[in-house]
Amino acid sequence: MAVATRSLRGHLDGYLAVLSVERGLSDNTITAYRRDLEHYLDFLGDRTAAPELVDEFLARLHQDGMRSTTIARRLAAVRGFHRFLVAEDQAEEDPTRFTETPRTRMGFPKALDVHEAIRLVEAPPSDTALGRRDRALLETLYGTAVRVSELVDLDLTDLDIDTLSAMVTGKGGKQRLVLLGKPAGRAIGAYLPDRLEMCRSRRDHDALFVNARGGRLTRQGVFGIVRAHAEAVGIPRTRISPHVLRHSAATHMVERGADLRTVQEMLGHASLSTTQVYTRMSLQHLHEVYVEAHPRALR
């Protein structure tokens, strides 16, 4: 039983609901799935899904200059959707069953060096309320390696200043305990009186990091803060984002001997294989240091 595009669209919301409820995917991930699948359905138009059309869809993405990692992600969304239809007896065959996933080249995540990271987190001025907030925010990002979505979701009740720790809610609603470190603890302590003043006119006093009007900071707001202070210390916008600070924290820990299981727990990775990229980065760092420092390295 082939499935026409109009019928496919009718099952899209059901599939996304399954991803949200049964797999516990975040709202941002569900939005990305919807965008990818709507792009696929727009490509099909009035045509019925078939293996040759799936291949044509992938070829079109390649012609548009899309990266292989992005093409692989879109194929995963399309494949999952068609498998869902087969499992629900809405289709007899999966047109993606013989489609090969594009080979992706695993690149190293961008990371600042230690001196750059320290310059960045120490960049905000200490004589203004927003400067103290930004210092606390940057120290927390780098000190805990949390995702930006996890950072903006932090509430005051998630913090334990006495133990310098915080309870973070990650992907799929999974919680984990992260350590703040003394610099982040001091920075948060200095910021909290300012936060109280910012929130004086707001009913919602839960968010840890707030904007000047007392509302919870958004992801976009955090991006702006990180990039503004990076530019102030000479780090180009193209090299920095909250995710780069996360990568930098993990990379610096591995370079200094942290075991992968500890880093995996800190980052909230479901699989150790995801964390192993930092081993490769550490080996690259080791090679660079060896070549630069060992008298026989280049002989």
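The model is predicted, so to speak of local features requires pLDDT of at least 70, side-chain atom pairs count only at pLDDT 80 or more, and totals for chains, interfaces and linings use all residues. Residues are numbered from 1 along each chain as its sequence is written, and side-chain values use heavy atoms, without hydrogens and water.

I begin with the cores. A nonpolar core is a set of buried Ala, Val, Leu, Ile, Met, Phe, Trp, Tyr and Cys residues joined through side-chain atoms within 4.5 Å; buried means under 20% relative accessible area, with a 1.4 Å probe and protein chains only. The largest such core has 45 residues, and Leu137 and Val222 touch the most other members. Among the elements that each supply at least two residues are helix H6 (129-144), strand E2 (165-169) and helix H9 (219-232); helices (H or I, at least four residues) and strands (E, at least two) are DSSP runs, numbered from the N terminus. Another core, of 26 residues, lies apart and includes Leu12 and Phe81.

I turn to the helix pair. The axes of H6 and H9, lines fitted to C-alpha atoms over the stretch in contact, come within 11 Å and cross at roughly 95°. The two helices are therefore roughly perpendicular, a term covering 65 to 115 degrees between N-to-C directions. In contact, meaning heavy atoms within 4.5 Å, Leu137 and Leu141 are among the H6 residues that meet H9, where Val222 and His229 are among the partners.

Finally, the open sheet has the order E1-E2-E3 with antiparallel pairing, where pairing requires at least two DSSP bridges. Leu159 stands opposite Ala166 in E2.

Terms used: Buried < 20%, exposed > 50% of the residue type's maximum accessible area, 1.4 Å probe, protein only. Axes fitted to C-alpha atoms, helices over the stretch in contact; angles between N-to-C directions. Parallel < 35°, antiparallel > 145°, perpendicular 65-115°, else oblique.
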